[in-house]
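User: I have a model open on my screen and would like to understand the words used to describe it. Could you walk me through them?

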2 protein chains.
Amino acid sequence: MNRVEFRKRIMAENDAAAADLQTRFEQSGTLVVDVVSSPGSGKTSLLEATARKLGGEQRLSVIVGDIATQLDAERLHAAGLQAHQIVTGGACHLDARMVTDALEAQPLLPAEILFLENVGNLVCPASYALGEDFKVVLLSVTEGDDKPFKYPAIFSRAAVTVITKIDLMPYVRFDLERATNQILSLNPDARIIATSTYTGEGLAEWCRFLMERRSAKVPVPA
Amino acid sequence: MNRVEFRKRIMAENDAAAADLQTRFEQSGTLVVDVVSSPGSGKTSLLEATARKLGGEQRLSVIVGDIATQLDAERLHAAGLQAHQIVTGGACHLDARMVTDALEAQPLLPAEILFLENVGNLVCPASYALGEDFKVVLLSVTEGDDKPFKYPAIFSRAAVTVITKIDLMPYVRFDLERATNQILSLNPDARIIATSTYTGEGLAEWCRFLMERRSAKVPVPA
């Protein structure tokens, strides 16, 4: 078996497991969001801020993937989410089997929204379906405005790009229009939301977007 | 063949190709540096600054890997390096075969220093030998001081960690001592150099480190 054939087999196995997850999430009525970015773009901070805004009215759960450490699950648990950490060891992305195992290991459902905080990596997570309703990609202004064209797979596939750390715009070279044009040329339907968890800017828009998507799902049984 | 066996085969093939590269680099007397970081940590900016400091006295070449675009090779060529872009398509890291092919495609040797600017990814590049003398990992202060323990493989294996964008320290939560302690607990021999390509801080130390390593190699034939 050569590399291409082997990769096809891996992807087919993942797609089958992801389809099973999707059925399960339809039944539980949960909105499932795969959260992808580079290391340190602010995935955990965005989810903490989301929990502060929506946690009172919505049951929020999160499965968080890291190569090592339980740090993020601890932060998210402290922010009020039902949190389960997957320590992937060498694996550079979550796959559908890991999500299935996490749902066995901990009672994360029922929940109105389940976040899948992926391993910090703009490349590999783009290829793996996890049964999610949509992917969101984060891009911090400190990473530079050339990243969408350099990592086109994830920016093409993500329904929404959240620009993070816009409070740092005065100190870095980041042309928001240039980044926006790149994202929209890769994905004309993409939503783009500029945020800062430090100033709070854009967080209401992000939560409104989540609740619009949430309202399109069947309500979750109590 | 299962995943573990397949991965072993891939790594064995890569190790063999990397050993061939190492022989070749010994013969050419070139110092070879594998440069690894998250997307947007400043690999290209560091190499541009290095070329400004050392380019007058040293022949510098670079092989730069990106998923898509030729942008970085263009920047590095403009900075005076002999630059070859590898567009990896889906591949999330450089491997030894790609480096071998790049050396066939373009006359990058002889050179005193050859940089291998890896794909922006803290995970997968850690596992692949490229015939290099050492790996350097960049960590920008905007990514947060918790990253060494979250991505232990690369911080364990890199001979030197270059902390980048330290001009932004006043605006972000980054505890340099915390990051330093994590790096040294993973790799007690690691060198840690704090830099800013904006203010120039730390660049002389970085170039001194390169030239120390350079001086341990056999001189390159003219």
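This is a predicted model: local features need pLDDT of at least 70, side-chain atom pairs count only at pLDDT 80 or more; totals for chains, interfaces and linings use all residues.

User: How does the reach of helix α1 of chain A compare with the expected value?

Analyst: Helix α1 covers residues 3-28 of chain A, 26 residues in total, and spans 37 Å from its first C-alpha to its last. At 1.5 Å a residue, 38 Å is expected, so the value is close. Just after α1(A), G29(A) takes a positive phi of about 70°.

User: Let's turn to the rings. How many aromatic pairs does a search of the whole structure find?

Analyst: Over all chains, the search finds six aromatic pairs.

User: What makes the pair of Y171(A) and Y171(B) stacked?

Analyst: The ring centres of Y171(A) and Y171(B) are 3.6 Å apart and their planes are at 5°. Rings pair if their centres lie within 6.5 Å, and planes under 30 degrees apart count as stacked.

User: Why is Y171(A) called partly exposed?

Analyst: The relative accessible area of Y171(A) is 38%. Buried is under 20% and exposed over 50%, with partly exposed in between, so Y171(A) is partly exposed. Y171(B) also counts as partly exposed, at 38% relative accessibility.

User: How do you know that W206(B) and F209(B) are stacked?

Analyst: Their rings are 6.4 Å apart centre to centre, with 20° between the planes. The limits are 6.5 Å for the centres and 30 degrees for the planes, so this pair counts as stacked. W206(B) and F209(B) are three residues apart in helix α8 (residues 203-215) of chain B, so about one helical turn separates them. Both residues are buried.

User: Which residues form one aromatic cluster in chain A?

Analyst: F134(A), W206(A) and F209(A) form that cluster.

User: What sits over the ring of F134(A)?

Analyst: The charged end of R213(A) does, 4.8 Å from the ring centre. A charge that sits over a ring must be within 6 Å of its centre. In chain B, R213(B) lies over the face of F134(B), also at 4.8 Å from the ring centre.

User: Now a strand. What makes β6(B) mostly covered?

Analyst: Five of its five residues are buried. V160(B), V162(B) and T164(B) are on one side, with T161(B) and I163(B) on the other, and both faces are covered.

User: Which strands pair with β6(B), and in what sense?

Analyst: Strand β5 (residues 134-140) of chain B pairs with β6(B) in the parallel sense over five bridges. T164(B) in β6(B) is the bridge partner of S140(B). Strand β7 (residues 191-194) of chain B also runs parallel to β6(B), joined by four bridges. In β7(B), I192(B) stands opposite T161(B). The chain crosses from β6(B) through α7(B) to β7(B), and this β-α-β crossover is right-handed.

User: Why does T161(B) count as buried?

Analyst: Its relative accessibility is 0%, and buried means under 20%, so T161(B) is buried. Leaving aside neighbours within four places in sequence, T161(B) is in contact with V137(B), L139(B), F155(B), I183(B), R191(B), I192(B) and I193(B).

User: Is A216(B) buried or exposed?

Analyst: The relative accessible area of A216(B) is 68%; exposed means over 50%, so A216(B) is exposed. A216(B) lies in the segment after α8 of chain B.

User: And why is D189(A) called exposed?

Analyst: D189(A) has a relative accessible area of 70%, over the 50% limit, so D189(A) is exposed. Its place is in the loop between α7 and β7 (191-194) of chain A.

Technical notes: Residues are numbered from 1 along each chain as its sequence is written. Chains are lettered from A and ligands numbered from 1 in the order in which they are written. Side-chain values use heavy atoms; hydrogens and water are left out. Helices (H or I, at least four residues) and strands (E, at least two) are DSSP runs, numbered from the N terminus. Rings of Phe, Tyr and Trp (its six-membered ring) pair if their centres lie within 6.5 Å; planes under 30 degrees apart count as stacked, over 60 as edge-to-face and the rest as tilted. Buried means under 20% relative accessible area, exposed over 50%, partly exposed in between (1.4 Å probe, protein chains only). A charge sits over a ring if NZ of Lys or CZ of Arg is within 6 Å of the ring centre and within 35 degrees of the ring normal. Two strands pair if DSSP finds at least two bridges between them. A crossover is right-handed if, with the strands pointing away from the viewer, the path from the first strand over the helix to the second runs clockwise. Contact means heavy atoms within 4.5 Å.
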